[in-house]
Amino acid sequence: MDEGVVIRAEGLRKYFPAGSGLWGRGKAFLRAVDGVSFHVGEGETLGLVGESGCGKSTVGMLLLGLHRPDAGRVLYRGEDILALEGEAKKRMRRNIQVVFQDPQSSLDPRMLIKKAVGFPLEVNGLARGAEVTRRVEAMLAEVGLRPEHMYRYPHEFSGGQRQRINIARALITGPRFVVFDEPTSALDVSVQAQILNLIKDLQKRHGYSYLFISHDLSVIRHVSRRVAVMYLGRIVETAPRGALFQTPKHPYTRALMAAVPKPDPARRQPLALLPGDVPSPVHIPPGCRFHPRCPEGMEVCRETEPAPVEVGPDHVVACHLWRDAGFENLRRSA
Ligand SMILES: Nc1ncnc2c1ncn2[C@@H]1O[C@H](COP(=O)(O)OP(=O)(O)OP(=O)(O)O)[C@@H](O)[C@H]1O
Ligand code: SF4
Ligand SMILES: [Mg+2]
């Protein structure tokens, strides 16, 4: 049994059709998620960070069962969620919820907040009538809203309040694991911090486990206990937050850090230190997929994909630079 692990993703792969291949030969695929493994422990937050299009949301969708993987498995407390059917599948779905970015479009403008937040209880047959009202009221209080807010419509709320409503709706059925996909990206910075703190407080109170997806390293740093860095469909480095931010090992992670927004917005240049654009996930470079942009690339990087190496406690990096620096080797030579 997987002690203390709530979610485990093993070798997840998701390809999308991308028209026909070069000169009409064969089929081309967009390799959105290309062999991704990680786990999320009990009551912890794993941050998933990477540039736009690297496959973060697709990973989230795979965990939520909104996409079926082409390969790999998702285990919830050791149980393969894709193998479940009927009632067992429905029960499992209640354990895993999601909060997306856009507060405007995810709430029906004609639905009272009471109905929107209470809906998951009703469709799942978990409560009826006055019990729904009672639980919605309690849930709204949890996210910092008042009872009278139940009788208002989405347009009567600010962006931050609407995101509180979305969080209430996701948590009302009592999930144990929540995917947050850029939940604060559409909000002003001051409101962002309030929502991030709410998300953290709720975790402290109830012991939820989170996968927190963001392209913003400062947000990831604020909420995560561990962090996974993704590049072109793969995880290139995973580490506890402190180790990742103090001693990033992968050249891509280092480049991301160098590009973290500076106080002067005019200097906010993502990956300014790196040459070239992110390659298309339809034409992923051979060998290390980061090699065309890597300032430290070697001959071997063009041909051979680097295997993950443990370089510290719970710190894993996939890069040829660290191939001989495995944690065990480091410990032996210490
Ligand atoms: N349903 C789909 N059909 C075809 N291609 C898709 C689909 N969903 C995602 N993609 C492609 O897969 C790749 C990964 O997309 P994904 O949305 O997972 O990235 P992301 O890291 O979440 O990006 P962002 O930070 O912009 O949200 C992108 O190239 C995207 O265009
Ligand atoms: S494997 Fe090579 S190209 Fe890839 S990140 Fe490491 S040094 Fe750079
Ligand atoms: Mg996304």
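Strand S7, residues 177–181, and strand S8, residues 209–214, pair in the parallel sense over 5 bridges. Two strands pair here if DSSP finds at least two bridges between them. Within this pair, Val-178 stands opposite Tyr-210 in S8. The labels come from DSSP runs numbered from the N terminus, where helices are H or I of at least four residues and strands are E of at least two.

Before I go on, a word on the model. It is predicted, so local features need pLDDT of at least 70 and side-chain atom pairs count only at pLDDT 80 or more, while totals for chains, interfaces and linings use all residues. Residues are numbered from 1 along each chain as its sequence is written, and chains are lettered from A and ligands numbered from 1 in the order in which they are written.

Back to the sheet. It is open, has 8 strands and mixed pairing, and runs in the order S6-S7-S8-S3-S9-S10-S12-S11. Which strands stand at the edges? They are S6 (96–99) and S11 (308–312), each with a single partner strand, so one side of each lacks a neighbour in the sheet. From one strand to the next, the twist averages 20 degrees. Angles run from 0 to 180 degrees between N-to-C directions, and axes are lines fitted to C-alpha atoms, for helices over the stretch in contact.

Val-309 stands opposite Val-317 in S12. The two strands S11 and S12 form a hairpin with 2 residues between them, and Asp-314 in the turn has a positive phi of about 60 degrees.

Next, the helices. Two packed helices are described by the angle between their axes and the distance between the axes. H6 (residues 159–171) and H7 (residues 189–206) pack at about 20 degrees, with axes 10 Å apart. That makes H6 roughly parallel to H7; the cut-offs are under 35 degrees for roughly parallel, over 145 for roughly antiparallel, 65 to 115 for roughly perpendicular, and oblique for the rest. Residues in this contact include Ile-167 and Leu-171 of H6, and Ile-195 and Leu-198 of H7. Contact means C-beta atoms, placed from the backbone, within 7 Å. By class, the H6 and H7 contact has 6 nonpolar, 4 polar and 1 charged. Nonpolar covers Ala, Val, Leu, Ile, Met, Phe, Trp, Tyr, Cys and Pro; charged covers Asp, Glu, Lys and Arg; the others, Gly among them, are polar.

H6 also packs with H4 (residues 113–123), at about 30 degrees and with axes 7 Å apart. That makes H4 roughly parallel to H6. Ile-113, Ala-116, Val-117 and Pro-120 in H4 meet Ile-165, Ala-168 and Arg-169 in H6. This contact has 6 nonpolar, no polar and 1 charged residues. H4 and H5 (residues 130–142) cross at roughly 115 degrees, and their axes come within 9 Å.

Last, the ligands. How many residues surround ligand 1? There are 13, and the closest are Phe-16, Ala-32, Ser-52, Ser-57 and Thr-58. A residue counts as near if its C-beta atom, placed from the backbone, lies within 6 Å. H1 gives the largest share of that shell, 3 residues. The shell around ligand 1 has 5 nonpolar, 7 polar and 1 charged residues.

Around ligand 2 there are 14 residues, of which Cys-288, His-291, Cys-294, Cys-301 and Cys-319 come nearest. Its shell has 9 nonpolar, 4 polar and 1 charged residues.

Note on methods. Two residues are in contact if their C-beta atoms, placed from the backbone, lie within 7 Å.
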